[in-house]
Amino acid sequence: MLNIIGKRKIYLGVAGLLVGIGILAVAFFGFRQGIDFTGGTLWQFKLSPEVTMEQVQSTFQTDLKIEDARITYDAKSQTFFVRTPNLGEAEHQSFATALKTKYGAFEEQSFQSIGPSVGADLKQKSILALIFVLVGISLYIAFAFRKVYQPVSSWKYGFVTLFTLFHDVAIPAGLLAILGHFGTIEIDTNFIVALLVVMGFSVHDTIVVFDRIRENLLLSRMKKSFGEIVNESVNQTLARSINTSLTLILVLLALLFAGPANLHYFILTLLVGVTTGIYSSIFVASPLLYIWQKSSSR
Amino acid sequence: MQRNPGFLLSLIVIVAVFSAAFAYPSGFGAKNLPWRLGLDLVGGSHLVYQVDLSNIASGDRDSVLNGLRDVIERRVNLFGVSEPQVYIGKSGEQSELIVELAGIKDIGQAIQQIGTTPLLDFREVEGTGTSTQFIQTNLTGRYITGAQLTFDPTTNAPQVSITFNDEGGKIFEELTAANIGKPVAIFLDGQPIEIPTVQEKISGGKAQITGRFTVDTARLLVERFNAGALPAPVTLIDQQTISPSLGINFLNKIIIAGLIGTLLVILFMLIYYRRLGIFAGAALFIYIALTLGVFKLIGVTMTLAGLAGFILTIGMAVDANILVFERIKEELKKGLSRAAAVHEGFRHAWPSIRDSNTSTIITAVILYFFATSFVQGFALTLLIGVAVSLFSAITTTRLLLEVFVEKKNEITHA
């Protein structure tokens, strides 16, 4: 049996450290924002196999006068991905013609162009949605556990849930901030959606543990201490906490390796979030509940 | 009335088989109700226009928006796109018009036709016989304030009556005055549609175009002019175009990923829970069949995000089974009979299954209201998936266990 309550300082310390790093990364690095937040154009097209990235780069810089075009090339599918500031439809058409004349075989795969005004609104909505889901789920937990009376009042379950949910989004958010700072990974609407789904899902395991604590409190409150009951409950539900997340992780891995490339970072965010969700439901939620209970009953 | 698990289970299996056949792309549902695939899977364009309503009194805005939508819808219909979608959206304080065109070839031209007013101009005609030259004048469609469908009083042929603003009226007056007895050509989108001969100087800023219109083409032209006259300009702020080949590629990849994911989940359940895993696998297939049937029946447009959402629910749907199976194992350890363990397992696992699914439903609902249309597809499939999985995990798995475990148990006890 894992001694989770006994070693709570270690487990919570690890969680606190990771969350701290996550918060600092977001605060200092910020996010590299995708075109749906900042406005801009993403253009994906194929050219004949012998065209190199340098050629396309120079075409954009010298012929088309787009200084800050960022071009990536996927050799496997012979596809160029070009990220530029917002291009109008007229520019889109004339650039397409220019590329066609210069390189012959030009096949447009996708073109996405978003004006800057859309992004500000979307940012605000995203933050609102995150807050709604955080608060909504926490309130629901407080409501669902309303019939548990002593020694833990139901709003404590709600608040602990709030903390674990925050834990589960802070870590993937921090990771993406770090990847954006040192690499080129951008966050987009999908990232927000992934965080929301992580919150909705990672609370599943927390609920299972809390449910068991509730049940065990009724069964053996007189015989055992609160700490013992919590520790037993976590251990009894350990297999299902891991297994329920594992099935989702299996599906996510399939999507990551066999699914379409444009869902890559969406799936990656989910994977990180769901994995941290396993940790938080076992090593964060219950110790937090215990500590809070201890300090308030003193 | 005695509950008959065998009968109920057979019913669910029949419905599931029926649903699977209905959902299978080339099954019997294909002709009557084909799958609705999103633009990101069939290829096409998603265009968002911002409507500038700043010069319009707040009471008139709705009617202006509706008029704008109707006009753009008719213009879009000109491209012969199958099921074009034009709808009004709100983004904060801003009104938007969203146009979705599936599988269109020349998107550049389509965008041009949607966003611009028809190009009308009057040209002077010089020279006769074989070498006719048209000389562009200042008089163009931008001076038009309105158009109307009228009929020639004598021939009853449909005509388009246009009204110029003051400036346009003056130019028209000068143009006609200078060309009395001579032809003046009217060009629409660069094509001459009528070359009438000016009889006299025309004042008052009104003109009739009597091209070779049918009632429909004349009406269309009137609408296009009136759209141009609408005091609410539109600007393209968001465009997403995906080629059909990329769409097919996405579709194939996500279906394969979904299949692999499903197989991995079932494999895991079989390895970890052995015999019980068989039931989880069976319930999962039933879940998939039912959910796909529901998607198709209520006409969910399947987008890439929507399919991703559905595949995620496959990973979540077995969770209820895991909770129940773990509980059954515990109850068996306590020394309960198999039938009692199954019964207790469901009873104890139910509150956490209910609560955890509710939290996902809360998320999906908030997502649905938060979002752009692409995210909405995801939220919708997630929501339906979780709802159906609540049913399938509890009802289907329970019936399966009741029929195949409890029955057997009774026999061995007897």
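**View 1. Strands β7 and β10 of chain B lie side by side in a sheet.** Strand β7 (residues 158–164) of chain B is joined to β10(B) by 4 bridges, and the two run antiparallel. Within this pair, Thr163(B) has Lys206(B) of β10(B) as its bridge partner. Strands here are DSSP runs of E with at least two residues, helices are runs of H or I with at least four residues, and both are numbered from the N terminus. Two strands pair if DSSP finds at least two bridges between them. The open sheet has 3 strands in the order β6-β7-β10 (chain B), with antiparallel pairing. Its edges are β6 (144–151) and β10 (206–209) of chain B; each has a single partner strand, so one side of each is left without a neighbour in the sheet. From one strand to the next, the twist averages 25°.

A word about the model before we go on. This is a predicted model, in which local features need pLDDT of at least 70 and side-chain atom pairs count only at pLDDT 80 or more, while totals for chains, interfaces and linings use all residues. Residues are numbered from 1 along each chain as its sequence is written, and chains are lettered from A and ligands numbered from 1 in the order in which they are written.

View 2. Look for strand β8 (residues 184–188) of chain B, which pairs with β9(B) in the antiparallel sense over 3 bridges. There, Ile186(B) stands opposite Glu194(B) in β9(B). Axes are lines fitted to C-alpha atoms, for helices over the stretch in contact, and angles between N-to-C directions run from 0 to 180 degrees.

**View 3. Two loop residues of chain B have a positive phi.** Most residues other than glycine have a negative phi. Asn156(B) is not a glycine, yet its phi is positive, about 65°. You will find Asn156(B) in the loop between β6 and β7 of chain B. Is Asn156(B) buried or exposed? Asn156(B) counts as exposed, because it has 8 C-beta neighbours inside 10 Å. Arg274(B) sits in the loop between α8 and α9 (275–297) of chain B, and is exposed, with 10 other C-beta atoms within 10 Å.

**View 4. Chains A and B meet, and a strand of each joins in pairing.** The contact takes 48 residues from chain A and 51 residues from chain B. Two residues are in contact if their C-beta atoms, placed from the backbone, lie within 7 Å. Elements giving two or more residues to the side of chain A that touches chain B include α4 (89–103), β4 (106–114) and α5 (116–144) of chain A. By class, that side of chain A has 27 nonpolar, 15 polar and 6 charged residues. Ala, Val, Leu, Ile, Met, Phe, Trp, Tyr, Cys and Pro count as nonpolar, Asp, Glu, Lys and Arg as charged, and the others, Gly among them, as polar. Follow β4(A) to strand β11 (residues 234–242) of chain B: they pair in the antiparallel sense over 5 bridges. Phe111(A) has Thr241(B) in β11(B) as its bridge partner.

**View 5. The largest nonpolar core holds 157 residues.** A nonpolar core is a set of buried Ala, Val, Leu, Ile, Met, Phe, Trp, Tyr and Cys residues joined through C-beta atoms within 7 Å. Which residues have the most contacts inside the largest core? They are Val251(A), Leu284(B) and Ala308(B). Helix α10 (residues 304–333) of chain B gives the most to this core, with 17 residues. Leaving aside neighbours within four places in sequence, Leu284(B) is in contact with residues including Thr262(B), Ile266(B) and Val318(B).

Key
A residue is buried if 20 or more other C-beta atoms lie within 10 Å of its own, exposed if 12 or fewer, and partly exposed in between; C-beta atoms are placed from the backbone.
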